[in-house]
Amino acid sequence: MGKQLLLIAFLITLGCKGVSQEEKKETKKDVAFAIAKTDAEWKAELTDMEYYVLRKAATENPFTSDLLENKEKGTYVCAACATPLFRSENKFKSGTGWPSFDREIEGNVAYDVDYKIGYERTEEHCGTCGGHLGHVFNDGPRNTTGKRHCINGVALDFIPDSN
């Protein structure tokens, strides 16, 4: 009797699938971006860290980006293809360790859903080349959009405004 109960408990446990175990379809791979290159071409053009973040959807360590404390006026562009993504007036100090913005330049950022850490997050990509930028959360400044675009600094280049 004990062995049968153990077997039943095992089968019930085996049959339970948590959300983090479910296979989710991500749509990024189904999108044709205006700039499409082979993996070898991206590797040749980007630094190791840019490639790791932009093409492999990695995350840089917090508080390591030179752009984190940048207070100049200008435009943050994709480090892979120079598409304008964020404006300096929309940058704010979130305390998270990554450059944060309350809004993107509309039409230049693509969104997807990822489940890489076991729950749903909104992932951001460059709308032109598909490079991974970071994620957007609903804990940004309430006096603006309420959004926090948490972006890997290595995925961005900064172009100062000309005076």
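These notes walk through a predicted model of one protein chain, from the overall fold to single residues.

1. **Overall make-up.** The protein chain has 3 helices and 9 strands. Along the sequence the order is α-α-α-β-β-β-β-β-β-β-β-β. Of its 163 residues, 40% count as buried. The accessible surface is about 10,000 Å², and carbon and sulfur atoms contribute 54% of that.

2. **Contacts along the chain.** Residues 24 or more positions apart make up 55% of them.

3. **The three-stranded sheet.** An open sheet is built from 3 strands, in the order β2-β1-β9, with antiparallel pairing. The edges are β2 (84-87) and β9 (156-160). Each of these has a single partner strand, so one side of each lacks a neighbour in the sheet. From one strand to the next, the twist averages 30°.

4. **The β1-β2 pairing.** β1 covers residues 74-78 and pairs with β2 over 3 bridges, in the antiparallel sense. Which residue of β2 is the bridge partner of Tyr 76? The partner is Phe 86.

5. **The aromatic cluster.** Tyr 76 also belongs to one aromatic cluster with Phe 86, Phe 101 and Phe 158. The count of aromatic pairs comes to 3. One of them joins Tyr 76 and Phe 101 edge-to-face, with 5.0 Å centre to centre and 70° between the planes. Tyr 76 sits in β1 and Phe 101 in β4 (residues 100-101), so this pair ties together parts 25 residues apart in sequence.

6. **A tilted pair.** Tyr 76 and Phe 158 have ring centres 4.8 Å apart. Their planes stand at 55°, so the pair counts as tilted; the edge-to-face label needs over 60 degrees. Phe 158 lies in strand β9 and Tyr 76 in strand β1, so this pair links parts 82 residues apart in sequence.

7. Is Tyr 76 buried or exposed? Tyr 76 is buried, at 0% relative accessibility. Phe 101 is buried too. Phe 158 has a relative accessible area of 17%. Buried means under 20%, so Phe 158 also qualifies.

8. **Helix α3.** This helix spans residues 48-56. Its buried residues include Glu 50, Tyr 51, Val 53 and Leu 54. The buried residues of α3 pack against α2 (39-45), β1 and β7. After α3 comes Ala 57, with a positive phi near 60°.

9. **His 135 in β7.** His 135 is in strand β7, residues 132-137. His 135 counts as buried, at 6% relative accessibility. With which side chain does the side chain of His 135 make a polar contact? The partner is Asp 114, at 2.6 Å. Beyond its neighbours within four places in sequence, His 135 is also in contact with residues including Arg 121, Glu 123, Arg 148 and Cys 150.

10. **Positive phi in loops.** Two loop residues deserve a look. Phe 63 is in the loop between α3 and β1. Its phi is near 65°, a positive value in a residue other than glycine. Phe 63 is exposed, with a relative accessible area of 57%. Ala 82 lies in the loop between β1 and β2. The phi of Ala 82 is near 70°, again positive in a residue other than glycine. Ala 82 is partly exposed, with a relative accessible area of 47%.

Terms used. Residues are numbered from 1 along each chain as its sequence is written. This is a predicted model: local features need pLDDT of at least 70, side-chain atom pairs count only at pLDDT 80 or more; totals for chains, interfaces and linings use all residues. Side-chain values use heavy atoms; hydrogens and water are left out. Two strands pair if DSSP finds at least two bridges between them. Helices (H or I, at least four residues) and strands (E, at least two) are DSSP runs, numbered from the N terminus. Axes are lines fitted to C-alpha atoms, for helices over the stretch in contact, and angles run from 0 to 180 degrees between N-to-C directions. Buried means under 20% relative accessible area, exposed over 50%, partly exposed in between (1.4 Å probe, protein chains only). Contact means heavy atoms within 4.5 Å. Accessible areas come from the Shrake-Rupley method with a 1.4 Å probe; for residues, only the protein chains shown count as cover. A polar contact is a pair of N or O atoms within 3.5 Å; within protein, one must be able to donate a hydrogen and the other to accept it, and residues adjacent in sequence count only if both atoms are side-chain atoms. Rings of Phe, Tyr and Trp (its six-membered ring) pair if their centres lie within 6.5 Å; planes under 30 degrees apart count as stacked, over 60 as edge-to-face and the rest as tilted.
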